[in-house]
Amino acid sequence: MRRTARLLAGAALTVVALSGPAVSAYAAEGAGLEVFPSSVEPGGQVSVNTKACGDRATAAGDASAVGAGPFTMAPSAHEGDAIGQFRVPESAQPGTYEIVVECAEGGREVKGDLVVALNASRGQAMLPRGSVKTGVGGALGPDPVQSAAGVAALAVAAAGGTWLLHRRARGDGI
Amino acid sequence: MARIGNTLIASVTAAALCSGAWLLHGTGAHAPPQPSVTEGRPDPGEEALAAPALPPSPPDRIRIPSIRVNAPLTGLGLTAAGSLDVPPAGQKNLAGWYEAGTTPGETGTAIVAGHVDNAEGPAVFYDLGALKRGSAIEVDRRDGRVARFTVDAVEVYQAKDFPDDKVYGAAKRPELRVITCGGGYSKATGYQGNVVVFAHLTGAA
């Protein structure tokens, strides 16, 4: 009962939560080249994706600046992005390198930066410590709507009961 | 005619009495489910690689069908105190992942966290404590692949005695932690700890 009410009441919020951030995030990213991770150690694996080439498009990637050579961008299941991957050679020197992708159709070029650093491994990132504050107890209190409904129902019962007792006192045959 | 009227009113009265009592009785505490000890972490040693690791790619969405979770993921950092930050509490169907750490599917320990509730009521991971060993967790990644994890254990840890290494420490295979609040609640201090789900990669699509 309570969960159903919550579901109905929260439906609009949920829609906002589902669509709002995703839409704004992609609008902000525009049609550039996303490089992940943006900072990597020599020998590390990198994935790049872009919307610039349109839906279901392929593209030619070039990571020769960092010594990884050409790679292929293929359409992915994710939002119609073209995605590609390459591995940074062990011999790569620290620095910032430009990764270039050329759409197969139209020849549009998009570029992104990749930083090679000796201590960039995400496995060595500082780990979180301690517990996580992921609740305030809002699920625990009484639900005011349900309480009000309960009180109203009891009021109806009281009125009905009074009326019946009244009739019985008058001898109306119940 | 009066008899029918009386019967009708008697029925309405009885129904109102029952539903009123039920409604008021049902407004007590609705604590989120907590795992039983039988869902606890198995002994170390079952660390066999179950599926080949995926290359790094940031996650977009987490799905846990058995507790009807289907939520977008936002990037999380650390607080000044060094604990994992949390997603904005106002968005109740939003979870987060530790974006300086391992991405879900690559070798290591990927960390996902979300609220059990907010001021309005239950939130994205309200039912996390009801997960069982063997339950499936799926993570959609930006490279278009889906990392499929299987739950190994569901534990509750008190905040004052939180096992950082066990929860956040490095792993030799692709693993996932899903964290929310739990472990009892007091008005003064809030939730006493966290429910932590341990899972490892068992497939990918």
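In what order do the eight strands of chain B close into a barrel?

1. The model under review is predicted. In chain B, the order of the eight strands that close into a barrel is 1-2-3-4-9-10-8-7, and their pairing is mixed. Neighbouring strands of this sheet are turned by 35° against each other on average, with direction ignored.

2. Strand 1 (residues 59-64) of chain B pairs with strand 7 (residues 136-141) of chain B in the antiparallel sense, over four bridges. B:Arg63 has B:Glu138, in strand 7 of chain B, as its bridge partner. Strands of a sheet pair through backbone hydrogen bonds, in either a parallel or an antiparallel manner.

3. The secondary structure of chain B comprises two helices and ten strands. Along the sequence, these elements of chain B follow the pattern α-β-β-β-β-β-β-β-β-α-β-β.

4. For chain A, the secondary structure amounts to two helices and eight strands. The pattern read along the sequence of chain A is α-β-β-β-β-β-β-β-β-α.

5. As to burial, 42% of the 205 residues of chain B count as buried. In chain A, buried residues make up 29% of the 174 residues.

6. In chain B, 65% of the contacts between residues at least 6 apart in sequence join residues at least 24 apart. In chain A, residues 24 or more positions apart account for 57% of the contacts with a separation of 6 or more.

Technical notes: Residues are numbered from 1 along each chain as its sequence is written. Chains are lettered from A and ligands numbered from 1 in the order in which they are written. This is a predicted model: local features need pLDDT of at least 70, side-chain atom pairs count only at pLDDT 80 or more; totals for chains, interfaces and linings use all residues. A residue is buried if 20 or more other C-beta atoms lie within 10 Å of its own, exposed if 12 or fewer, and partly exposed in between; C-beta atoms are placed from the backbone. Two residues are in contact if their C-beta atoms, placed from the backbone, lie within 7 Å. Two strands pair if DSSP finds at least two bridges between them. Axes are lines fitted to C-alpha atoms, for helices over the stretch in contact, and angles run from 0 to 180 degrees between N-to-C directions.
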